[in-house]
Each structure stands twice: as structure tokens, then as C-alpha cells.
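Dear colleague,

Please find below the structure I promised to pass on, with its sequence. My notes on what was found follow directly after it, and I would be glad if you read them with the model open beside you.

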Amino acid sequence: MDSVVASLTKNRRTTFERIEKFLSKDYFADVGLRARIYPATQPVVSILHWNASAARTQRPLVPHPSHDSDSDGDDDSGPEWKVPVPGRDAFAPYTLGEPFGPTWSTHWFIVDICIPEAWIGREVHLLWDSGSEAMLYEAGGTVPLQAFSGGIDFQMRDCYVLSKQLTAGQRQRELWLEVACNDLFGAGAGGMINPPDPAKTFSVKKAAVALFDREVFDLFTDFEILFGMAKCLPENNPRNYQAMYLANHIINTFKTDPSVKISQLRKLTSEFFAQKNGDSQHEIFALGHCHIDCAWLWAYDETIRKCGRSWITMIRLMEEYPDFRFVASSAQQFRWVKDHYPVVYEQIKKFVKKGQFLPVGGTWVEMDGNLPSGESFVRQFLYGQKFFQEEFGIKCDTFWLPDTFGYSAQLPQIMRQAGIKYFLSAKLSWSLVNSFPHHNFLWRGIDGSEVLAHFPPGESYGMNVTVEDALKTVEKLKDKGRVAQSMMLYGYGDGGGGPTPVMIERGRRMKDVDGIPKISLDKTVADFFAAMEKDRKNLNVWSGELYLELHNGTYTTQAELKRNIRMAQNLFRDGEFLDAVMYAFIGIEPVDRREQWQDFLLQQFHDVLPGTSIGKVFEDANNILGSLIDTLNQDCVSALNFLSSSQPPYFNASCGNIHYRNPQSGIFAVLPPYSMTNDIRYLNTFPYTIKIEKLKDDSIRMENQFLIVTMNRLCVISSMLLKKSRTDVSRECVFPSGRANELVLFDDVPLYWDAWDCMDYHLEAPGRSDYQVVSFEIGQADVTSVFRVSDACPVRMRLFMHPAAPIVQVECDVDWKERHKFLKMQVDANVTSENRKATYEIQHGWLERPAHRNTSWDWAKFEVCCQRWADVSEYGFGVSVINLTNQGFSVRNNTMSLSLLRSPKAPDPEADMGVHPLKYAIMPHWGSFQEAQLIQHASSLNDTWDPAYETPTDSDQAQRSGLVRFFTISDPAVILDAVKTAENGQSRAIVIRLYESYGGSAVAAVETLFPVEAVQECDLLENFVGEKTPVKDKKFVVTLRAFEVKSFVVFLTSTTPGHW
């Protein structure tokens, strides 16, 4: 065969496009190379069909089957698709192209094949396309083989290797397929994120056996590399032309010399690929990846199958390619596969041991990075790491969170205390305004903890291992000269799927080819970060949060779910505190709450808690949360009833005082933090007076010892005077001509991502504020207004004052029926200094964000996330807004806005429709927010118990046990955030978790009523990190740096005291 001859024409475009068409599936496919990969096909002998969904009687109320590995599928307790599959006789004949459905239903098929005798000794594939997802099984439907995926052209998987070298005994075979009536991205009506089409039907478009020519496939893959180099390398690069001319020469030879064998042509490509790079070439660590959203455009039920389908397919690839490495995160998904696909799970465990299947992440799910509480973050790592240790004997050292919508500045500390040193993500490349300046950096949290972070510079977690992908990875790298390696994550993702054989084949060819970066397929995540550690000294530091300049509507969308999450977080705190009390003092074994936590943590997945899934997901999630809240509430009530034989005690696990009001006398009683009593008479009490009067201009004035508030009949405040105790001094808190507690309706139409995004321009289109008042009532201590923000938004608002602090509290019932509107509560704070600071609570601390819009980085944060409060202050004075149900917030100059409700229509057209009980408070204060005890007030106002009491009768006198203060902490900056029984088999021990909340170092004495013998510091996984210290007089000292979180194992006396 002649040596390579350059193209005789000088027209680069025609030569280039000739190569492109030679590979095309659309143009001249009959004479191109692709058609020769399958030189012969034959239809299957027969297809039988059975509708599994018709056998299901009803959909389960709580469809999340986290822990039903013993279920045999004979009842309705498991996933909707999990039904007993009958024998062959129950199946009916099926004709190719016949429709079946509807959306989300499950159908089983039996396929009989008979392979031509002439194909013996050759490689044979099964071709299948039902336009949907499917799982192939051995006959009987119990042993899964591989997944198919159709309906999405760019993520097709339509072939299965029946035999690499067919024998006579393999010619006839019966195979079963479980087909889901959805594709990898659900079943959106007319668009991916549109609400699902409930009546969508599918059909089997292709069912055949095919002769596979592996030599042609190999040549085709070689051509993809050559074409990629000709397309993507610069035109002034000689390798561009060398690749193009080689490809053109092969086409000429292929077309004109029938005697030339494919192996001879491949010798030319092999020689080309054997020309290697120099030692300085950038190295790409290519890792197979299969991002599976736990729920998104499909429900939890379907995710279970997506995991099973995707991971058995990866097992097949590992068997074929020993150099293939695949990463998978989320302990929940491993648990699902263990429960529902035990055959697959055992194979996964085998390949984990071999080092090919790589569990990463260390969390229960890939959770939202902004909205969960600090303790929720802790439990993600605690239960995720415990699962990986128990199941695989490993502890993850890399936090894997590629697709969440921003990252809290407290995460580095939580990672480090959970054994995590490294962090990987990809989402910040989506930022709409500014480009994040690094792909490799040290991420420093608000306490000073650091993790080594990598963002794959290809800016995707689902690449295809093409020449374009490899070049893009290096070209986009923002840390050139600082690092010598990057990571590439490849494989179909979001709805599962994972890598394909051709991706691996391309990666093998690009291992070390002159002109393109080196690609390593056989290295692990640990290998990558070990190499990155060598460049650590070259890297920059990013301090604080990683804010995504997009998807900031997720702080508000699906308000009911967010309320349920907040309530459950509080109830977990209370329930575990009471578990510890019952165990320590009475010896009652604590409730095992691991599975409750796991079900709860699932609802914090990054497309569930943010509110960006289809409606079916939120139906399921709120059912799960509702059941969990009922259980936790009942557990708390039962424990409190047990601790008092007369009447339920009053209990406070928060860091602030809770004020109980006697509805008969109006007297308030104060229950201090971390305490309990079963008799209100043991608490400090105080009378409370409030004056409410109607003024001549029809406005209303409300006054107590802290505030004088003037409002109109819409409860919009025009004046709020903050009194200074024991003086005649007062301060106006509302900016001149401004307002507070004003509900404002904004137009809310994003560019594309409906449930995800609110755009900056929504602030340019506020609605009118002259709302129609339906009724107004002045009570003894409150006012109630019923009005309409619009015809689709009637509101019932109750406003009252806190008895012991300058706080205006608002309870607001909104019947929300809007379309693409955004409801906010605004406060024009009289904080005029240009040095004012906007401060927001985050997990276990707070951070400051700009109140001005000087730079693009500043104005991109027009909507941000907070936990329970936000504050705007100048020296000596400030105004805070406390939320009990909402976390979206913004500060523009001196206008504070609490986001209340959105009304997107995709992917859930009913998002947030209905009645919402919203609660918030406005708190002006003297001094700093720390001096005003904002953190404590926000904690107590978020408490879940009803703050009302009745005076005990004399017959209760004998049962009184006084005021029980379980913990007293000398420094108010130190917050006790969790009290729980110990993990890891520790007997007679509890765990407490504290954090410094004010932003400075703290030394605090912790005094406890628990029968304690010693304490020992531990990490978040409850592994000891310090020396065991004996405790005298039930008091010990803790030292914390700013925003530091510390956990301690508290060792109890061996005997239970039986009393306080």
C-alpha cells in the first residue's frame, strides 16, 4: 500500500467536509463508514408484551423504599414498578411499532432470537430502541444484563453484545426487557423542563440481531480522532493538516483498492497515534461518570431503576476494559441498588475491591449547598461516610458535588471534620455574569479551614472524550503554569447512563498523541488529587462562599417543602435532645434515628429542596416529610409525657429564651435555653402591656416598652420608633418616606430555567401597592388585616409585638394563585451610612455580602440565601429580618427584601399554588446584632412548640420538679446546636455539638445537669481527636476560634440516677 499522500486539492473545506460526511449517519450513510459497522441485521423471531402497571393496584403513599430489601414485591409498599412478573403465558404478541404507555408506566417484553448459522465465529449484537429507558435481563427477568436508552439522540445506548465470538449453542436465546415509559430526561411535553406529558406513548422501533464488524468500528473510532484533530487544532498547526491528509488518504484507498484490508489502514492510524507528546504536555485524568439526580424530571421510584440500569452497564464495561475507572457518589443510591438489585450490588462490591468502581463523595446524597442547616450538613457526611465504611471499608476523602447551586462558606470546615480533604464541583461555570477565576484552588471557609478544590476545566460532568473535549479542557484552564493536570468527567449524565464503549476507545487512542493532551483512563480520583497536592504551593486561595450567579430563585420555590424541612430540622434537634435525657437519667434506650435521618436527608437533594423537580417529586417529598414530622412530633410528646406524670412539661432545646403566655391573665413566663419544667410557676414571669389606638388619619399606632409602630390598614409600617431603655431617646427605624412590612408583587419571567431563576430585571417591574382592604380588626394585643395583593393573591395578615424584645412579628396566610409573579416583603431601613454592612446567617455562622452594587460581582448577588436572619447595620444601630419559613433575601442600598413566594410553571405547573402560612419578624436594635442577641431570638422564634400555657391547679403541686437546666453556657456566643446519643457503639455516652456564633474567639464554661464523668473531643464522624478529660462538678471549658464547630463525647456515669 502506498504511503500517505496529501490531498491533491488546495480547498481545505472540501477535504474537511469529505471526512465529516464519511462518518455521518445523516449524509450519504449508505456509502460511508458508519453503515459498515453493522454489515448485516436480522429481526428478532418474536416479541411478547405484558403491561406491569396494570397489575399495580395503587401508588404507595410514601414511595421512597429506602429500607425494604426484604420486600418480595407482593404488596404496594415498594416502588410503583416493583410488581411480580408472571410467566411467559401471561404475555401477548407484540408488533414492532405498536404504541404502549402511558407516561411512567412499566412494560415487560420477551424477545426470542435466532442468529443465522453463517454468523458463527463472529461478534453479534442485539439492537433495541423503544424510545425510552429499558433494562435487559436473562430469561425470567431476575438477572440484569445491561441498560438501553432511547429517545435522546445525543445519549443513545441501543446495542448489547450477545457474543464476542458466536458459537452454535448461542444462536437461540430468550431475553426479557423491562421498559420504562420515559427517557433519560423524563417525559417533558414539548421541551425538556416542561411539565411531563401524562399521556405520552412509546413504541419499539428497533429489535434485531446484528453482525458487528469490530475492525470497521476500530477504524471508525480512529477516524473520529483524526477528524477531531483536523477540526479543532489551529489551522496553523501542522498536526491539523497531517490528520486531515491521513484521513483523506485512507478514504481514497478505501474507495479505490478493494484488496486493502482494514488492518492495513489501521496500521497507518496506529503509526500516527504512536507519535507522542513531550514530557511537558498537560495530563488529563479521564474518569467515567454517570450523574444521576435522585429526583428531577422523574420521581424517586424511577431513580432507583436509573441506578440499577446505569451501574450494571458500567459493570459490563469494567469486564471489557480493565483500564476503565468509574466514579459514583451518594450513599442513598448505593443503598437503593443494594435493596432492589442485590445481584448488581454484589458485582459492584467486587469491582470496588478491584479499584475500578470508585465510591466518592462521603455524603448521603449530593445535597443542596445553601439551604440545609448546619446539622443537616453534618448528618449528610456522618451517615454517608458510615455507609461507605460499613459497606466497602473505605472513608471518602473527596466531597463530590458537581451540580448544586452554590456552596456555603461553612462547608470547608464540615468537610475537614468529616475526613474530607478535597472538593470537586463543576456548576460555577454556569454563572451568568462573572467567570470564576480558578479551576484549581484552596477553598477557605469562614473558620479558616481549607480544602483543595478542583473544577474540571471542561466545565461539564458529562463529556464524551473527544479531541474537542481534550483541547477544551486545556484551553479553558485558568491556572495554566500552576498545575500540570486536570480532570475530565465523561459519560451520559443527569438522568444516568454513563460512559459508552466508544468513549473509552477514544480515550485509549488519545493516551499520548502528539498535538493533543495526554489522557489517562486508568487513574483514580485519589491519583489526581495526589498529583494536585504537589502543586498546592502554586495555588491561590478563595475565601468564603462559592456563589452561583444563577438559579437564585431556588431559595424560594416550593415553599411548603422548605417549611417542612425547617420544621423537621427543629424536631430532630428536640427529639434527639429528649432521647439523650431519657437515656442518661432513666436508662431508656434511645430511638435509632438513622433511617429517619436518611429519609430526611434525601429530601435535601439538590433538585428537591431547591424546588426544581416535577410535581410528582414534591408530592412524594412532602408525604415523606409529613410522615416524618408526625413521627418526630409524637416521639417528643411521648417523651415529655413520660417525664411528667401530671402534665406535659415545657421544653426548650433552642439557644434563646422562649416566652409562654397565659391566655387568661396575659402574664408571660420565660423558659431559658436548654431547659425544661413541668410547672410554669418555677419560671420568671412578667406582666406585659401593649397599647393599640386608631389615629385621626385612620392609621394605627401600636406601642409597648420597646417600640412605637405606626401602620396603615394593610399593616404597612410608616414609622417604627425604637426606644432606649430608661431614657427618652428613640430612633426612627424606617427610612424617611419609606415603608416596612410592605408586600410587593414583582413580575418574574426568567430567561429559561423557570423554577430555578429569578433575573435581576424582575426588580425593575414591581407591582402597585394600593391593595384592596377587605377587613381590618384591632385586637387586645394584635391587629389583623385581610386584603388582596391581586385578584390571585388574597392575604390575611396578623401583626403583633414580642413581649421581651423590640420585635414586630407577622403571621401571614397567603392564598397564592399567581402566574410568574414573585411576592416579597420589604423594609426600608433607616441605615444611611455608606459603610453599612449586610450580614446573613449561614450554617454555624454568618457572612457579610455587599449592600451596594459597585462591581459586577456585587450586583450579581441581587438575590442571596440566608438561614434564619439577615441584618443591615451601621455603628450603634441596625435592622434585622428574621424568617421562620423563607430563605431568599436581598439588600439593595437600605432596602431589605425577604422573598416569600414564586409562581413558576415548569417543571411543576402547580408550584406553590395554594394557601401558605408564612411567618417572619422585623427587629430593630441598638448596638450590634450580637449585642442585641439576634441569633438567640431567631432560634427561639423558630422553635416548633406552641408558646402558650395554663396555670397548674393545686393538685399538680406534688408533681412539680422545678426548673431543669440541662446546660448552661457562660458565653452567649457559644451555641449548643445538637445533643444526641453517641454513634459507633459507645455505651453510656452522648454527643454534644457547639459552635462559636459571633465571629470571634471564645472561651466558655459549659455546666450540665447530665450525670457526666468525662468528656473527649471528637470529629463529626464521632471519632476521638483529643484526650479524655475527667469532669468535676459537671463543668468543663471549651475554647473555640471564630465560627469553629466542636463536638464532644460526654461519658455518663455507669448507673442511671433516675432523677435530675
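Asp748 has a relative accessibility of 2% and so counts as buried, where buried means under 20% relative accessible area, exposed means over 50%, and partly exposed lies in between, with a 1.4 Å probe and protein chains only. Its side chain meets that of Arg902 in a salt bridge of 2.9 Å, N to O, a salt bridge being a side-chain nitrogen of Lys or Arg within 4 Å of a carboxyl oxygen of Asp or Glu. The pair links distant parts of the chain, 154 residues apart, with Arg902 in strand 43 (residues 895-902) and Asp748 in the loop between strand 31 (740-747) and strand 32 (772-778). Arg902 is buried too, at a relative accessible area of 0%. Helices (H or I, at least four residues) and strands (E, at least two) are DSSP runs, numbered from the N terminus.

Before going further, please note that this is a predicted model, in which local features need pLDDT of at least 70 and side-chain atom pairs count only at pLDDT 80 or more, while totals for chains, interfaces and linings use all residues. Residues are numbered from 1 along each chain as its sequence is written, and side-chain values use heavy atoms, with hydrogens and water left out.

Asp782 forms a salt bridge with Arg798, with the closest N and O atoms 2.6 Å apart. Asp782 lies in strand 33 (residues 782-790) and Arg798 in strand 34 (residues 793-801), so this pair ties together parts that are 16 residues apart in sequence. Asp782 counts as buried at 16% relative accessibility, whereas Arg798, at 25%, counts as partly exposed. In the other pair, the side chains of Arg316 and Glu319 meet at 2.9 Å, N to O; these residues are three apart in helix 5 (residues 300-320), and are therefore separated by about one helical turn. Arg316 is buried at 18% relative accessibility, while Glu319 is partly exposed, with a relative accessible area of 43%. There is also a network of salt bridges that links Glu133, Glu178, Glu302, Arg305, Lys306 and Arg309.

Elsewhere in the chain, strand 10 (residues 206-212) is mostly covered, with six of its seven residues buried. Strand 10 pairs in the antiparallel sense with strand 1 (residues 40-43) over four bridges, where Gln42 has Val209 as its bridge partner. Strand 5 (residues 123-129) likewise pairs with strand 10 in the antiparallel sense, over seven bridges, and Val124 stands opposite Leu211 there.

Helix 11 (residues 501-509) is mostly covered as well, since seven of its nine residues are buried, among them Glu505, Arg506 and Arg509. What covers the buried residues of helix 11 includes helix 2 (214-232), helix 4 (262-273), helix 5, strand 18 (485-490) and strand 19 (518-520), with contact meaning heavy atoms within 4.5 Å.

As for the whole protein, its secondary structure comes to 17 helices and 53 strands. Of its 1060 residues, 62% count as buried, and residues 24 or more positions apart account for 75% of the contacts with a separation of 6 or more. The C-alpha atoms fill a box of roughly 105 × 60 × 60 Å, taken along the principal axes.

With kind regards

Note on methods:
Pairing = 2+ DSSP bridges.
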